[in-house]
Amino acid sequence: MIKLDAVLRRWVRNKKLESGLLNAAIDSCETERRLLAKDIMIDGIDFDQVLKRLGSSETVFIDVLRSYAENTRPLLASLKKHLTGENLYDYAIVVHGIKGSSYGIGAQAVGKAAESLEAFAKDGDLNAVRAAHPPFIQIAESLLCSIWQALDKIDAATQNPPAAAPDPALL
């Protein structure tokens, strides 16, 4: 029976129809996601600038936002640890990474604040870092909350409800 299925799939299947159905499903998903992302704005992110750089791929941008949101919060926690230990060298390294990734997603305010903190840390100015750290954490956390809210909306809107039965056209 397995050999018969293999032969039928190889010689009898309609590859053109399968390809068309697959492409239609992918296009539908991409269009739905693209339209959703245009409706969702995140304060502090320049969508147009980032989409130009990413070749207008909103799907890629959504994935980049998700990665940023997942990875930035632990970095913010490590900044506090380095500041508490007065380790400005490691503080500068971590804040440099946050600066680059923030600019990368179009979060100019967070990137600029991180850039200032990096300069203070590299200069060894502990008092300036201590003064600028809390406002930086506040705007970074606010941005992360906004990103997660937007991602939750996108995820909720792109999840298809389970079908009662398989689609005969896809079978």
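Predicted model: local features only at pLDDT ≥ 70, side-chain atom pairs only at ≥ 80, totals over all residues.
With residues up to four places away set aside, I105 is in contact with I45, V50, R53, F61, V64, L65, Y68, L143 and I147. In soluble globular proteins, nonpolar side chains tend to be buried together.

The overall fold is helical. The protein has seven helices and zero strands. From the N terminus, the order of elements is α-α-α-α-α-α-α. The chain has 171 residues, and 31% of them are buried. Contacts between residues at least 6 apart in sequence were also examined. Of these, 68% join residues at least 24 apart.

Two helix pairs were then considered. Two packed helices are described by the angle between their axes and the distance between the axes. Helix α4 covers residues 58-84, and helix α5 covers residues 88-104. Their axes come within 9 Å and cross at roughly 155°. Angles over 145 degrees count as roughly antiparallel, and α4 and α5 are therefore roughly antiparallel to each other. The crossing is left-handed. On the α4 side, the contact is formed by Y68, L75, L76, S78, L79, H82 and L83. These residues meet D90, Y91, V94, V95, I98, S101 and S102 of α5. By class, the α4–α5 contact has nine nonpolar, four polar and one charged residues. Y68 of α4 takes part in this contact and is also a contact partner of I105.

The second pair is α6 and α7. Their axes come within 10 Å and cross at roughly 155°. Helix α6 is therefore roughly antiparallel to α7. The crossing of α6 and α7 is left-handed. From α6, the contact draws on A109, V110, A113, A114, L117, F120 and A121. From α7, it draws on A128, V129, A132, H133, F136, I139, A140 and L143. The α6–α7 contact has 14 nonpolar, one polar and no charged residues.

Leaving out residues up to four places away in sequence, R73 touches E141, L144, C145 and W148. R73 and E141 lie 68 residues apart along the chain, and their C-alpha atoms are separated by 7.7 Å.

The loop between α4 and α5 contains E86. Most residues other than glycine have a negative phi. E86 is not a glycine, and yet its phi is positive, at about 55°. At 48% relative accessibility, E86 counts as partly exposed.

Notes: Residues numbered from 1 in each chain as written. Heavy atoms only, no water. Axes fitted to C-alpha atoms, helices over the stretch in contact; angles between N-to-C directions. Helix = DSSP H or I, 4+ residues; strand = E, 2+ residues; numbered from the N terminus. Parallel < 35°, antiparallel > 145°, perpendicular 65-115°, else oblique. Left-handed = near helix turned anticlockwise from the far one by under 90°. Contact = heavy atoms within 4.5 Å. Nonpolar A, V, L, I, M, F, W, Y, C, P; charged D, E, K, R; others polar. Buried < 20%, exposed > 50% of the residue type's maximum accessible area, 1.4 Å probe, protein only.
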